[in-house]
Amino acid sequence: MNIENQVLGLIKLSEYIKEYLTKNPEDDNETDTEFELLLKRSEIENPWFTIDNQKFALQEWANLLTQENINNWIRNYSVSKVSKRVGLILAGNIPLVGFHDVVSVVLSGHIPLIKLSSKDKLMVPFLLEKWNEFSGDAVQFELVERLENFDAVIATGSNNTARYLEYYFKNHLSIIRKNRTSAAVLKGDETPEELQLLAEDIFRYFGLGCRNVTRVFIPEDFVIDRLFESFVGFQDIINHHKYANNYDYNRAVYLLNQDKFWDNNFVMMKEDEKLFSPLSVINFSRYSSLDEVKSFIAENEENIQCIVAKEELGLDSIPFGDAQHPSLDTYADNVDTMKFLELV
């Protein structure tokens, strides 16, 4: 395999995506039409994949796939001299969530056998074909309905599915991923701008990603209204019928159970110790000591993808607004995929 050509192909793919995303609306060419049709078809097949969210995901990949970023990433790993077949069972909760695994397998010198999610079955093959075209046919991959004749596997599913996958692949080298979510810790003196960035961490992709914040820790004297004020920029989310259905259902359940909750007509906040919250709901709790927060994080480490907080709190965290901007060396479940692929 020619890694140099593969990297060059990725850089050209990035330029191809940027050209589409920055096009003049009045321009009309074959590239625009091809991309527009793909995005519209994806949204029709999976209404959670709005064109806006698909474009956001594409922009993230276009920003990542620069020569500097790719070289800084892969220089830390060795490329296999013998190509092995690595099965990939991709998730489909947010657009292109499985593309990182595909890129990792190819750049590690292996061949991905890709079982697409039924929720995201158009964009990944499209980008793969373009990548192969731009790299001069240097990218080998297979799209499969069933994994067979593989040397290792990387699979993503729910906690229930993961138990089945762990049993099914018990005799194979594997990474089996489970449900994860993210949390935010507020110090109390956050600016309105910082809280608006937190809103992006919460609402992007409707909150369906493992890097979306579903639990917020706030100081005892923090005023909830400050959060609701920062959420206003996402109020149109309630116009999405699937999100609205979740909101209406969860609100009805809380009312029937006479649960206490805060509501601003498009998202609810509930004082709850649970890390995971229902869609359209944010769980929160008040803390008097940061040690309480640290204990919770330690106890739930295997279920937390990332923590959003100010650096001065001394937590292993990322800044507000960065949850949906992972780098190439940021790995799902915090398991180094490239290191794993060196073992194949």
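Visitor: Where is Asn334 found?
Guide: Asn334 is found in the loop between S11 and H12. Helices (H or I, at least four residues) and strands (E, at least two) are DSSP runs, numbered from the N terminus. This is a predicted model: local features need pLDDT of at least 70, side-chain atom pairs count only at pLDDT 80 or more, and totals for chains, interfaces and linings use all residues. Residues are numbered from 1 along each chain as its sequence is written, and side-chain values use heavy atoms, with hydrogens and water left out.

Visitor: Why does Asn334 count as exposed?
Guide: Exposed means over 50% relative accessible area, buried under 20%, and partly exposed in between (1.4 Å probe, protein chains only). Asn334 has 52% relative accessibility, so Asn334 counts as exposed.

Visitor: And why is Asp333 called buried?
Guide: Asp333 lies in the loop between S11 and helix H12 (337-342). Its relative accessibility is 14%, so Asp333 counts as buried.

Visitor: What makes Arg204 and Asp52 a salt bridge?
Guide: The term calls for a side-chain nitrogen of Lys or Arg within 4 Å of a carboxyl oxygen of Asp or Glu. The side chains of Arg204 and Asp52 meet at 3.2 Å, N to O, and form a salt bridge. Arg204 lies in the loop between H8 and strand S7 (213-219) and Asp52 in helix H3 (residues 51-64), so the pair ties together parts that are 152 residues apart in sequence. With a relative accessible area of 12%, Arg204 is buried, whereas Asp52, at 52%, counts as exposed.

Visitor: How many salt bridges does the structure hold?
Guide: There are 20 salt bridges in the structure. Another pair is Arg251 with Asp263, where the closest N and O atoms are 2.8 Å apart. Arg251 lies in helix H10 (residues 241-256) and Asp263 in strand S8, so this pair ties together parts that are 12 residues apart in sequence. Salt bridges that share partners also join Lys187, Asp189, Glu194, Lys310 and Glu312 into one network.

Visitor: Why are S3 and S5 said to stand at the edges?
Guide: Five strands form an open parallel sheet in the order S3-S2-S1-S4-S5. Strand S3 (142-143) and strand S5 (173-177) each have a single partner strand, so one side of each is left without a neighbour in the sheet.

Visitor: What makes strand S2 mostly covered?
Guide: Strand S2 (residues 111-115) has five residues, and four of them are buried. Strand S1 (residues 85-89) runs parallel to S2 and is joined to it by five bridges. The bridge partner of Arg85 in S2 is Ile111.

Visitor: Why is Phe203 called buried?
Guide: Phe203, in helix H8 (residues 192-203), has a relative accessible area of 5%, so Phe203 is buried. Phe203 and Phe234 are 31 residues apart in sequence and 7.1 Å apart in space, C-alpha to C-alpha.

Note on methods
Pairing = 2+ DSSP bridges.
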